[in-house]
Amino acid sequence: MSDQNEPNPAKFPAQAKWRSDNPEKVWAQRALRSAIKAGLVRQQPCHVCGDPDAEAHHHDYSKPADVVWLCRKHHKAAHRQLRAEGC
Ligand SMILES: [Zn+2]
Ligand SMILES: [Zn+2]
């Protein structure tokens, strides 16, 4: 099955590089997208502030459906904290 929402790597070289550097994240995001489409996972508002425009944050990329929903701001903050902790 082809994914029609896939960005064109020629237009997004940074994303293409990110994808080749992070295959497990790409896989987890894809799996999550399918799970949402199939109704297995529901998008939720930000866990911290309730912003309805939230993104899925994975703790563990081997569990694509195990996510925390965070708005852009809190998602960035979560990653900053992960980096600070050295993971
Ligand atoms: Zn938030
Ligand atoms: Zn994240």
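**Figure 1. Helix α3 and the glycine that follows it.** In this predicted model, α3 is followed by G86, whose phi is positive, near 85°; helices here are DSSP runs of H or I with at least four residues, strands are runs of E with at least two, and both are numbered from the N terminus. The helix covers residues 72-85, and its 14 residues should span 20 Å at 1.5 Å a residue, which agrees with the 20 Å between its end C-alpha atoms; the expected span is 1.5 Å times one less than the number of residues. Of these 14 residues the number buried is zero, so α3 lies largely in the open, where a residue is buried if 20 or more other C-beta atoms lie within 10 Å of its own, exposed if 12 or fewer, and partly exposed in between, with C-beta atoms placed from the backbone.

Figure 2. Leaving out residues up to four places away in sequence, H74 touches C46, V48 and C49, a contact being a pair of residues whose C-beta atoms, placed from the backbone, lie within 7 Å. From H74 to D51, 23 residues apart in sequence, the C-alpha separation is 9.8 Å, while H79 and S62, 17 residues apart along the chain, have C-alpha atoms separated by 17 Å.

Figure 3. Apart from its neighbours within four places in sequence, C46 is in contact with D51, A54, W69, L70, C71 and H74.

Figure 4. K63 is placed in the loop between β1 and β2 and counts as exposed because it has 12 C-beta neighbours inside 10 Å. The C-alpha atoms of K63 and E85, 22 residues apart along the chain, are separated by 21 Å.

**Figure 5. Setting of the close-ups within the chain.** The chain holds three helices and two strands, which run α-α-β-β-α from the N terminus on, and its C-alpha trace spans about 35 × 35 × 25 Å along its principal axes. Buried residues make up 10% of the 87 residues. The average pLDDT, the predictor's confidence in each residue from 0 to 100, is 90 for the chain, and 91% of the residues score at least 70. Residues are numbered from 1 along each chain as its sequence is written, and chains are lettered from A and ligands numbered from 1 in the order in which they are written. As this is a predicted model, local features need pLDDT of at least 70 and side-chain atom pairs count only at pLDDT 80 or more, whereas totals for chains, interfaces and linings use all residues.

Key: Contact = placed C-beta atoms within 7 Å.
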